[in-house]
Structure formats: structure tokens, C-alpha cells
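Here is a short briefing on one protein chain. Have the sequence and the structure open while reading.

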Amino acid sequence: MQLANAVSLSSPSETIAAVATAPGIGAIGILRISGPGAGSIATAIIGPLPGPRKAVLRDFVDAQGEAIDQGLALWFPAPASFTGEDLIELQGHGGPAVLDLLLERVLELGARQARPGEFSERAFLNGKLDLTQAEAIADLIEAATATQVRLANRSLQGVFSRQVHVLVEQLTRLRALIEAALDFPDDELDALPITDADFATLMASTEALLASSQQAELIRDGLLVVIAGAPNAGKSSLLNALAGTDAAIVTAIPGTTRDLLRAEIQIEGLPLRLVDTAGLRPSSDPVEQEGIRRARAQIQQADHLLLMMDDTEQREADCLQAQLAELELEPTIPVTVLRNKIDLSGRPAGLMLRAEGHTELSCSAVTGAGLDDLRAHLKAVAGYRGADAGAFSARRRHVEALRQVLASLQQARRVWAEQATLASPLPELVAEDLRLAQRTLGEITGEVSSDELLGRIFREFCIGK
């Protein structure tokens, strides 16, 4: 893989090492060493190197020849390794003290401690993985559901990358035809074998990939759902009911919840990050005031807001609108008004559509009436099509990049249509829009990237991966 406009974040002349297993006590602990000095460091610790990709039992010794541990050694000479460099894994016992002593010995012999994600970074820089595959490794490690595991594995196997490359090929063909007009400026623009259908086909392919990526991002990141409202409206009861556990303390005393309470659930594969907030009301209590401040800040970050109202307290529509206005919500935050406590008010459960820009739903967090409607509603507003709809794992940066690609293609198509009627067409304007679109596609897979982007991505990885 050719990496353009990026300088290596990891010096290939350095040998790096890290404990690859999770902190704490375990049956097995793995230490990885990668780089030009991996072989000599390993020889000093275990003696002669084993055959490539063969596990051998060896003593791991310190500078005085005393055994630190005994375990398996696996040797992966370059380029047939995860990083593309000489790499060795020492698999011993999982005690923290043992691993610390072994890592200390490796660092004494000339390696340095690896940064988070540096092994995967080197695999990317050495052409063993593209950027979407490297990100899929982190997604696989962090996956909390079976669906997330399945989609991350698909991206790791290159499903997403291949679809991006199909777009690149289509775009390259169109660019070649457009740029032919630049090489032969005396030819008529309408003599080129290009029609509006060429742009339409490319845009349709981009829109399809964008839709798949949006669904994949939703499955990966889930939906941040914030529960807000007045004290004693039933916010904490709702959190407990949806989470299926007593995550929040529930009492009849108003203002019981003072801080943000969180719970993570899933609805048929859709991850939801629920946040219960302090009741919104005027207060002179400094602790409650801080809770309300945090609640308001969290509301502004919501993907969806559930505004709880006590249905035993009859409120007019203008009162509801005043409460919504008082929250000063961003217009992009959708709101569902939950009329709770219908077990006391007698209102039937169900969904009610309103014309004021929000949806109302009547429910009881205590009896569970209407909560199935709420779950179905949240799936619908998220645009969730089900766990089987996902084709691969994707992140927000992928979605934003594809939106930029689509915008560039729309601009190129518009300019092409306008130039077809001009006496002196300027195909270089169209060519520039297509070049920008192709460059943005390259940023998805890492063929075009920057130190800042790579650093931000690989910092999210755990040490040793």
C-alpha cells in the first residue's frame, strides 16, 4: 500500500516492546517485541531463536542468567508478521511482577516501551493493513455485542475497504475521461463519452455505501439517550425499567438524583447509552444546582432526548412548549415527550404524534405499559434496520468522509451540466471536484492521510496492540 502525505509516526529503526495481555493476574501473560532488534533481544533472553512460527518451550533469563519465567517463544521474521517487522512473542505466566521483570529486561536490551496502538500502527505503515482494517482491530477488542464483533470482523477481513476501492475505480474511470478534455482542449466537451448517467451511477454507489456506513456507525457507537424532566417525573424509574436493574435510587423525595447516572443496554442489537439526569427546577441547594448544570450540559449532547412528564399533573400544550423552549435545545436534537404514570392517570398506553416537532408517548415506568412502544420508537428514530442490516464496522469519520465525497460529486455533476451549455467549457473545474472526492476516499483507507489523523486513531488503541 502506498501511503501519501504522511510521515511515519513510528521510527522503523526502533525496536518496541509491550505487554499484550490485560493488566492483572491471569494464567498467561504475553510480551511482544517488534523491530530490527527483536531477534538479538530474544536471543539474549531465550537463547537460539526457534524456527519461524513454531512455539518452543524456553527459560526467560535475566542478565545474570537467572530464570525470570518459563514459557513459549514464537518467532515471526519479517515480513511475515503482524507488523511486517521481525517480531517475537514471549508467552509466560500472567503475574504482574513476572511480566514487569521480563519487560524491564527487554528494555535493558535496547527496546523501548511501545505507545498505545503502535504495533497496529506499524502494521498499517508497513502495508499489512489499511486504516479501516486497523480501526477494525480496536473495534473488535472493544465490541460489547455479538453484532459488533461480527461487523468488526468483516471490516478486518477487508469488506469495507473493498467497497471503497470499487468507488475509487469508478471515480478513476470518470476522472480519466474528464481529464482527457484537459489534454485535448480543442475537442468539444460533448464529444467525450460522458453522460449525466455516469455521475448519477457514481453518486448512487456513494449513497449506498454512505447508508451502510451510517447503519454500521449506529451499531458501533449506539445512541446517546438522555432522560430529563422535573423532579419525581419518573426518570430514574424509567432508567431502571429499561436497564432491567436497580441502577438508580428511586424515592418519593424530589431531587433524589443529583448526578448523572448511566446504563448501557441494547434493543435487538442497537446499543443505547442511557443517562438519567437531575430533576430540572429552581433550587438554592449548591449540590442540586451543580446536578442541574450537568443535566443541561448532557442534554445538549444527546442523540435523542426523552422529556419525562408526570401524567397525573395535567399540563397544557403551551406549558409543554414553554418547557421545551426553556431547555434551549439544538434544533438537531429530536425529542420524545413521555407522559409517565399512566397507571395512576388512567391514560391508555401508546404513541401519539404531534405537529409541534416532537412525539408524545404515554407509559408507566412502574408497570412497563408502553415501554415496548418506546423501544420500537427509539429504533425507528435512530433509523435502525436490525442487526442483520450491518455489512461492516464503520466510524463517524468514515460517515463524514463519505458525505464529503457525495458533496464533491454533486458539485461536479452540477458544473458538468452547466458547462455543457457554455461556449467555452472548463472541464478542469469538474476534474478538481472529482480529485477532491478521490482524495477523501483515500483518507478512509489511509492511502492519503496525515500525522494528526493517524495519531488520533492509534491513540485509542490499548498498549500492546
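Two strands count as paired if DSSP finds at least two bridges between them. With that in hand, leucine 223 stands opposite leucine 272 in β9. The model is predicted. Its protein chain holds 15 helices and 13 strands.

**Overall figures**

- The protein chain has 465 residues, and 48% of them count as buried.
- The accessible surface of the chain is about 21500 Å². Carbon and sulfur atoms account for 53% of that surface.
- Take the contacts between residues at least 6 apart in sequence: 68% of them join residues at least 24 apart.

**The sheet**

- Seven strands make up an open sheet with mixed pairing. Their order is β8-β9-β7-β10-β11-β13-β12.
- β8 (261-267) and β12 (350-353) are the edge strands. Each has a single partner strand, so one side of each lacks a neighbour in the sheet.
- From one strand to the next, the twist averages 25 degrees.
- Helix α12 (residues 371-382) lies across β7, β8, β9, β10, β11, β12 and β13 (359-362). The helix runs at about 150 degrees to β10.

**Strand β7**

- How many residues of strand β7 (residues 223-229) are buried? Seven of the seven are, so the strand is largely enclosed by the rest of the structure.
- In a regular strand, side chains alternate between the two faces of the sheet.
- Both faces of β7 are covered. Leu223, Val225, Ile227 and Gly229 are buried on one side. Leu224, Val226 and Ala228 are buried on the other.
- β7 pairs with strand β9 (residues 270-276) in the parallel sense, over five bridges.
- β7 also runs parallel to strand β10 (residues 304-310), and five bridges join the two.
- Two facing pairs mark the β10 side: valine 225 stands opposite histidine 304, and alanine 228 stands opposite leucine 307.

**Asparagine 340**

- Asparagine 340 sits in strand β11 (residues 335-340).
- Is asparagine 340 buried or exposed? Asparagine 340 is buried, because its relative accessible area is 3% and the cut-off for buried is under 20%.
- The side chain of asparagine 340 reaches the backbone oxygen of alanine 233 at 2.9 Å.
- Beyond residues up to four places away in sequence, asparagine 340 touches Ala233, Gly234, Met308, Met309, Asp310, Asp311, Cys363, Ser364 and Ala365.

**Nonpolar cores**

- In soluble globular proteins, nonpolar side chains tend to be buried together.
- The largest nonpolar core has 31 residues. Ile178, Phe199, Leu409, Val430, Leu434 and Leu441 touch the most other members.
- Which elements give two or more residues to this core? They are α6 (159-183), α7 (196-221), α13 (396-419) and α14 (427-445).
- α13 gives the largest share of this core, with nine residues.
- Leucine 409 is in contact with Leu171, Leu202, Met203, Thr206, Leu434 and Ala437, leaving aside neighbours within four places in sequence.
- A second, separate core has 27 residues, among them Leu238, Ala263, Leu274 and Leu338.

Technical notes. Residues are numbered from 1 along each chain as its sequence is written. This is a predicted model: local features need pLDDT of at least 70, side-chain atom pairs count only at pLDDT 80 or more; totals for chains, interfaces and linings use all residues. Side-chain values use heavy atoms; hydrogens and water are left out. Helices (H or I, at least four residues) and strands (E, at least two) are DSSP runs, numbered from the N terminus. Buried means under 20% relative accessible area, exposed over 50%, partly exposed in between (1.4 Å probe, protein chains only). Contact means heavy atoms within 4.5 Å. Accessible areas come from the Shrake-Rupley method with a 1.4 Å probe; for residues, only the protein chains shown count as cover. A polar contact is a pair of N or O atoms within 3.5 Å; within protein, one must be able to donate a hydrogen and the other to accept it, and residues adjacent in sequence count only if both atoms are side-chain atoms. A nonpolar core is a set of buried Ala, Val, Leu, Ile, Met, Phe, Trp, Tyr and Cys residues joined through side-chain atoms within 4.5 Å. Axes are lines fitted to C-alpha atoms, for helices over the stretch in contact, and angles run from 0 to 180 degrees between N-to-C directions.
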